[in-house]
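This report describes selected features of one protein model. Please look at the sequence and structure first, then read on.

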Amino acid sequence: MEHEHHRSPDADRGTSRPSDRPPGVQAGHARAAGGHGPHVRAKTGTRPDHGGHQAHRVGDFRRRFWVSLILTVPVVALAPLIQELLGVREAWAFRGSDIVQFVCASVIFFYGGWPFLRGALSEIRTRRPGMMTLISLAIAVAWGYSTLVVFGLSGEGFFWELATLIDVMLLGHWIEMRSVMGASRALEELVRLMPAEAHRVRGDGSAEDVPVTELVKNDRVLVKPGEKIPTDGVILQGQTSVNEAMLTGESRPVEKREGDRVIAAAINGEAAITVEVQRTGDETYLAQVIELVRRAQESRSRSQDLANRAALWLTIIALSVGGVTLAVWLLLGSTFNFALARMVTVMVIACPHALGLAVPLVVAVSTALSAGHGLLIRDRSAFEAARGLQAIVFDKTGTLTEGRFGVTDVIPLDRTDPDQVLRLAASLESQSEHPIAAGVIRGARERGIAFPAPRDFKAIPGKGAEARVDGAVVKVVSPGYVKEHRLAVDEQRVREVAEQGKTVVYVLVDGKVHGAIGLADVIRAESREALATLRQMGVKVMMLTGDARAVAQWVARELALDDFFAEVLPHQKAESIREVKARGLRVAMIGDGVNDAPALVEADVGIAIGAGTDVAIESADIVLVRSDPRDVVAIVGLARATYRKMVQNLWWATGYNIVAIPLAAGVLYSVGVLLTPAVGAIFMSVSTVIVAINARLLRMPDGA
């Protein structure tokens, strides 16, 4: 069927989506999986297993802690101060007890303290002294001084303080590393999604079980109900529903039929399907998601730079205050033992460990969280900038709208029921393949209107079509046909619909105008909700389109947009973004990542929406897998929540030192408040664990 002034629903795209080319993630980058997934392992088997390495480090700290704790028992039991407090000095004292203390404490120092000593050497080599330097200096001074006392120096050693300090430090690191593993667990879950085997279909139609790594392009695989799809491909046979929730964040199963794409690791629903393999290894959607998450987690953050500078200054302050504390207590007449203990406590309690974790842990959690909801962050700094967005410019077709015709208005012109007008039109159009025909049929079905099959269908070239429905001759024609045949139509509503840039068709029954139907690119139901929420968040919402001004004006009015740009050619879109930025606004551009590329690059934050399996859109800072504008709200909300967590962690990691360092130095000693090195270590470890737990409390915004 032909309609005279039909405008393509893709009019403002300029170019079509790319064909099924491999996305831009380079081969070998799927090493994000760390050798876990069968797809990735084949190409990247030499890369260390990050999850296993992390687990090994946790186990290492656990072993060192228990060994050190056991050896601490005799060290504490033989400490003169402890024996005096317990009243067992004479009963427990024996010749050579100081040597036993020395041996046990030395094992604790070299074995339990080795991770800190090794870390200090690394920090010194890179000229970035920090936490490990402070801890190592504190325990080395304590061990060295106590050792000299054992072998003849006048004074009292404090091996028991050294042992308990190392015990607490090891325990703190053990707990902290378990928290770090928990922060990265969402990424590990993505890796584990990949199935290990597939049912490859032979030439004779039978199936054989093979490792997923053996699949190659154009292989056919059978996927049974409830199984995971082994690799990206296209359905050759069968119809089913597929659960993609863990990959795209789409909560409902997605209907799939022959010719539709499916994603590796998605769960097949109720029916068996045969899939032709399109992508394997690091080309698959899941491998690309893992790689993007890994890059984002490892990329530098502006907030991290701030944290690193603060950590360096805190180290300098700790060393300075520690030295001053030692000197002041000696000048006040205290014993060297007492002054040294105060210095060690200052160095331990001021360790910038929590500060070093404050930002990276939040980054790890937020990036993995977003990936699990189909929000893929390619540029951390752009994601951080999203919290301060003041304006968001949306592409129209396919972003705010569905990119297909739908019925927006049904106007009866002879006192007929509107449903009857649509019923007759849908009956006739059921024999047509035209986009407008599809829109009319869809409109009738959405309204629950049943329609009979027409008879004697024939096209009216360039004008419409006609057929017999319920015994009457029904025509659906363009305004040109009505004008040509001088059929009187004087209806204000029809003129208003036409002025809005909508496509208008007329329904004729036995030669008389029965009614008119207005069609337009359907506005997504999600668009209204998303834009309303963004306005509540204080963000201006705008639209950019190559469509006619009348169409853009109608969409802008329907969605209550703050501004819009119409009849913009693809190469002019970047100029429109520059115009918005010239108003002093921090702006994001939301588009499909193809003809919107220049605008995506020009914007402060470029967001590609509806990328499907083509996740590596080079022009975008953030890629949204689903064509759902509400995901833009989720990105802004998550960026703001992430920033709040970073600020909370940075304040805690630095702020507690304002109280802790003076206490460690002994400013309240006169009123009986005195922190030992071990208590200082507890304070420092607790602050680190608080930062780790706070990062893990980050959640997706409601509704994401």
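Leu-171 is partly exposed, with a relative accessible area of 31%. The model is a predicted one, and Leu-171 belongs to helix α8. Although Leu-171 and Trp-66 are 105 residues apart along the chain, their C-alpha atoms are separated by 9.0 Å.

**Aromatic pairs**

How many aromatic pairs does a search of the whole structure find? The search gives 10 aromatic pairs.

| Pair | Geometry | Centre to centre | Angle between planes |
|---|---|---|---|
| Phe-102 and Phe-151 | edge-to-face | 5.3 Å | 85° |
| Phe-102 and Phe-159 | tilted | 6.4 Å | 55° |

Phe-102, Phe-109, Phe-110, Trp-143, Phe-151 and Phe-159 form one aromatic cluster.

**Charges over rings**

Arginine side chains also lie over aromatic rings. Arg-64 is placed over the face of Tyr-111, at 4.7 Å from the ring centre. Arg-342 lies over the face of Phe-338, at 4.7 Å from the ring centre.

**Nonpolar cores**

Which residues touch the most other members of the largest nonpolar core? This core has 113 residues, and those with the most contacts to other members are Leu-162, Ile-392, Phe-394 and Leu-534. Helix α25 (residues 630-665) supplies the largest share of the core, 17 residues. Leu-162 is in contact with Ala-105, Phe-109, Ile-139, Ala-142 and Trp-143, leaving aside neighbours within four places in sequence. Of these contacts, Phe-109 and Trp-143 are named among the members of the aromatic cluster. A second, separate core has 24 residues, including Val-421, Leu-422, Leu-424 and Val-440.

**Strands and a buried lysine**

Strand β4 (residues 232-237) pairs with two other strands described here. It is joined to strand β9 (residues 273-279) by 5 bridges, and β4 and β9 run antiparallel. In this pairing, Ile-235 stands opposite Val-275 in β9. Strand β4 is also joined to strand β7 (residues 261-262), by 2 bridges, and these strands too run antiparallel. Here Gly-233 stands opposite Val-262 in β7. In a regular strand, side chains alternate between the two faces of the sheet.

Lys-256 is found in strand β6 (residues 254-256). Is Lys-256 buried or exposed? Lys-256 has a relative accessible area of 12%, so it falls under the 20% cut-off and is buried. Not counting residues up to four places away in sequence, Lys-256 touches Ile-235, Gln-239, Thr-240, Val-242, Glu-244, Arg-261 and Val-262. Among them, Ile-235 is the residue that stands opposite Val-275, and Val-262 is the one that stands opposite Gly-233.

Technical notes:
Residues are numbered from 1 along each chain as its sequence is written. This is a predicted model: local features need pLDDT of at least 70, side-chain atom pairs count only at pLDDT 80 or more; totals for chains, interfaces and linings use all residues. Side-chain values use heavy atoms; hydrogens and water are left out. Two strands pair if DSSP finds at least two bridges between them. Helices (H or I, at least four residues) and strands (E, at least two) are DSSP runs, numbered from the N terminus. Buried means under 20% relative accessible area, exposed over 50%, partly exposed in between (1.4 Å probe, protein chains only). Contact means heavy atoms within 4.5 Å. Rings of Phe, Tyr and Trp (its six-membered ring) pair if their centres lie within 6.5 Å; planes under 30 degrees apart count as stacked, over 60 as edge-to-face and the rest as tilted. A charge sits over a ring if NZ of Lys or CZ of Arg is within 6 Å of the ring centre and within 35 degrees of the ring normal. A nonpolar core is a set of buried Ala, Val, Leu, Ile, Met, Phe, Trp, Tyr and Cys residues joined through side-chain atoms within 4.5 Å.
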